[in-house]
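How is this chain built, and what surrounds one of its helices? The report below takes the whole chain, then a single element.

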Amino acid sequence: MSATPIAAITGLGTAVPERVVTNADYEKYLDTSDQWIVERTGIRERRIAGPHESLAALCYTASTKAMAEAGVGPLDLDTIVLGTVSADRRLPATACDLQALLGARNAAAFDIAAACPGWIYSLAVAEGFIAAGRARKVLTLGAEKLSSITDMKDRGTAVLFGDGAGAAIVEPATGDGRGILSIVLGADGNLADLLYIPGGGSADPVSLKVVEERSHFIRMAGREVFKAAVLAMARASDEALAKAGVTIDEVDLMVPHQANLRIIEATAKHAGMPMSKVMVNIDRFGNTSAASIPLAIGQAVEEGRIKRGSVLLLVTFGAGFTWGSVVLRW
Ligand code: UT7
């Protein structure tokens, strides 16, 4: 293990809406079945926010838990970076709403639109800010209210997505070997139209036409995205391990993006990782985009599968296309 960490996660918190939506709930109004959803995706249920549950509120709950664990108060924070594609409003950034809710008045705050890798991108920003001496206590988040941008009449996407938030405090590494050992980020904008929201942006602002065409919701060419995800996640895993100087045998737990159990299995197989060392919770939460990896880490910590000093490989892929991977010592 050759890399020396610059930054480390010192506290993690998660939050999900209480409302559970099962596959049977979709069977009532969509041409789908529990069997299809479980076999093709691994999803059994997901958490869906109510109309009055905001993304900022989910972020607030996750953040206060992360801050308590790190022993960091709101005035200590100097930066808030929120990876999300489902901000409460187009303006301002939800990170600013969160900053106000927390009373973190010394913190700069902004959102990052990197889709599923949003939290990994936020970690990279935090690490970079710390390396540059620009920040010392960064609140990073991956959080989504995907139910607000999902077409509940489209069986190809409706059954996949869920809501949730994960927050992590990132601080300078202390020299005990724990922290971020490598980060790999990538993107391929040529494939943007395989997973996107066609309308409602500045190219085609909200109008009656946009709403009637339902083009303000996510559209996805599932099979093409699937293939690209398998390839990109395999490559990103290899690169992060090589950059960290870590072999797959030294990894205690792989925590992949939870988009599809079959993608997770293919990624693990490529890396040579037995499924017993791969975190899977897609059955409970569906695909929560940027929240997916922090939610999975949170559960793994609770279950005792991640301990102080555990080596983790995180890997993710999403709209853009974007991808990212991290090796870290917890
Ligand atoms: O978050 C990051 C990015 N997202 C992903 O990584 C997701 C990647 N894609 C996938 O996970 C999978 O492609 C899906 C789960 C979206 C779809 O699974 P698939 O095995 O690739 O199915 P498909 O799209 O090739 O569709 C197979 C059939 C089609 O019917 P026909 O044309 O064969 O008659 C679909 O219409 O399954 C049909 N189908 C469904 N059937 C029942 C699609 N969605 C459903 C559904 N219930 N919910």
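What follows covers the model, its overall form, its surface and helix α9.

## Model and conventions

This is a predicted model: local features need pLDDT of at least 70, side-chain atom pairs count only at pLDDT 80 or more, and totals for chains, interfaces and linings use all residues. Residues are numbered from 1 along each chain as its sequence is written, and side-chain values use heavy atoms, without hydrogens and water.

## Overall form

The chain holds eleven helices and 13 strands. These are DSSP runs, numbered from the N terminus: helices are H or I with at least four residues, strands are E with at least two.

The radius of gyration, taken over C-alpha atoms, is compared with 2.2 Å times the number of residues to the power 0.38. For 330 residues, a compact globule would come near 20 Å; the chain has 19 Å, which agrees. The C-alpha trace spans about 55 × 45 × 35 Å along its principal axes.

Contacts are heavy atoms within 4.5 Å. Of those with a separation of 6 or more, 77% join residues 24 or more positions apart.

## Burial and surface

Buried residues are 53% of the 330. Buried means under 20% relative accessible area (1.4 Å probe, protein chains only).

## Helix α9

Helix α9 runs over residues 261-271. Its buried residues are Ile263, Ile264, Thr267, Ala268 and Ala271.

How values were computed:
Buried means under 20% relative accessible area, exposed over 50%, partly exposed in between (1.4 Å probe, protein chains only).
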